[in-house]
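Welcome, and please get your viewer ready.

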Amino acid sequence: MIERPRAEDFSYFFELATRWSDCDMLGHVNNARFFTFDESARLDYFEPLVGGDRFVNGGGFILAHIECDFLEQLHHPATVRLGYRVRRIGRSSMNTEGALFDGERLVAVTRSVLVWFDYRDNKPQPLPEHARAFIRERERVAPEEAR
């Protein structure tokens with residue numbers, strides 16, 4: 001049984017409307033779209049940190065892992081809210097959680113691992129202090145931290 005996050009656990013939300021093209025032949029939003037929704041929220045969450053430059057001094061986040069628990073069907077049309085947060089900050093990686101709400105109904109939970117990555121040297125590097133400070137300031141529930 002997964003821990004079900006509550007809307008109160010999140011300080012950041014990304015809202016989006018489903019599109020007809022998000023549906024599968026059964027008339028519900030296709031499971032693959034939930035990963036796209038998570039990606040949209042992730043990019044928007046970190047936009048103030050990275051600005052228009054996705055690669056800060058040759059480094060930036062890279063997605064290392066993502067998973068989703070599909071709890072209920074989502075039907076089009078819907079306007080959904082995706083709560084997004086960082087639950088844990090490690091030396092060079094972080095664990096994130098997304099909660100997709102249709103109204104008050106929790107329909108899916110995503111979890112991912114992001115790594116601060118040096119794109120020039122093609123390897124992970126320690127998460128910079130300014131990125132840690134950005135996350136700490138942004139979160140309602142303080143992330144667990146390891147160094």
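## A tour from the first helix

Begin with Gly 51, which sits just after H1 and takes a positive phi of about 60°. Keep in mind as you look around that this is a predicted model.

**Select residues 31–50.** This is helix H1, with 20 residues. At 1.5 Å a residue, H1 should span 28 Å, and its end C-alpha atoms are 29 Å apart, so the two values agree. Now go to the start of H1 and show Asn 30: one of its side-chain oxygens comes to within 2.8 Å of the backbone nitrogen of Ala 32.

**Show the buried side of H1.** Which residues of H1 are buried? Colour Phe 34, Phe 37, Asp 38, Ala 41, Arg 42, Tyr 45, Phe 46, Leu 49 and Val 50 to see them. Next, bring up what covers these buried residues: the cover includes strands E1 (13–17), E2 (59–70), E3 (79–89), E4 (93–102) and E5 (105–118), along with helix H2 (129–138).

**Zoom in on Arg 42.** This residue lies in helix H1. Is Arg 42 buried or exposed? Its relative accessibility is 10%, and because buried means under 20%, Arg 42 counts as buried. Show its side chain together with that of Asp 38, and you will find a polar contact of 2.7 Å joining the two. Leaving aside residues up to four places away in sequence, Arg 42 touches Leu 63, Ile 66, Tyr 84 and Leu 114.

The axes of H1 and H2 come within 10 Å and cross at roughly 125°. The two helices, H1 and H2, are therefore oblique to each other, and their crossing is right-handed. To see the contact itself, select Asp 44, Tyr 45, Phe 46, Pro 48 and Leu 49 on H1, then His 130, Ala 131, Phe 134, Ile 135 and Arg 138 on H2.

**Finish at Tyr 119.** Look for this residue in the loop between E5 and strand E6 (123–124). With a relative accessible area of 32%, Tyr 119 is partly exposed. What lies 2.8 Å from a polar atom of the side chain of Tyr 119? Show Phe 61, and you will see that the answer is its backbone oxygen.

Terms used. Residues are numbered from 1 along each chain as its sequence is written. This is a predicted model: local features need pLDDT of at least 70, side-chain atom pairs count only at pLDDT 80 or more; totals for chains, interfaces and linings use all residues. Side-chain values use heavy atoms; hydrogens and water are left out. Helices (H or I, at least four residues) and strands (E, at least two) are DSSP runs, numbered from the N terminus. The expected span of a helix is 1.5 Å times one less than its number of residues. Buried means under 20% relative accessible area, exposed over 50%, partly exposed in between (1.4 Å probe, protein chains only). Contact means heavy atoms within 4.5 Å. A polar contact is a pair of N or O atoms within 3.5 Å; within protein, one must be able to donate a hydrogen and the other to accept it, and residues adjacent in sequence count only if both atoms are side-chain atoms. Axes are lines fitted to C-alpha atoms, for helices over the stretch in contact, and angles run from 0 to 180 degrees between N-to-C directions. Angles under 35 degrees count as roughly parallel, over 145 as roughly antiparallel, 65 to 115 as roughly perpendicular and the rest as oblique. A crossing is left-handed if the near helix is turned anticlockwise from the far one by less than a right angle, and right-handed if clockwise.
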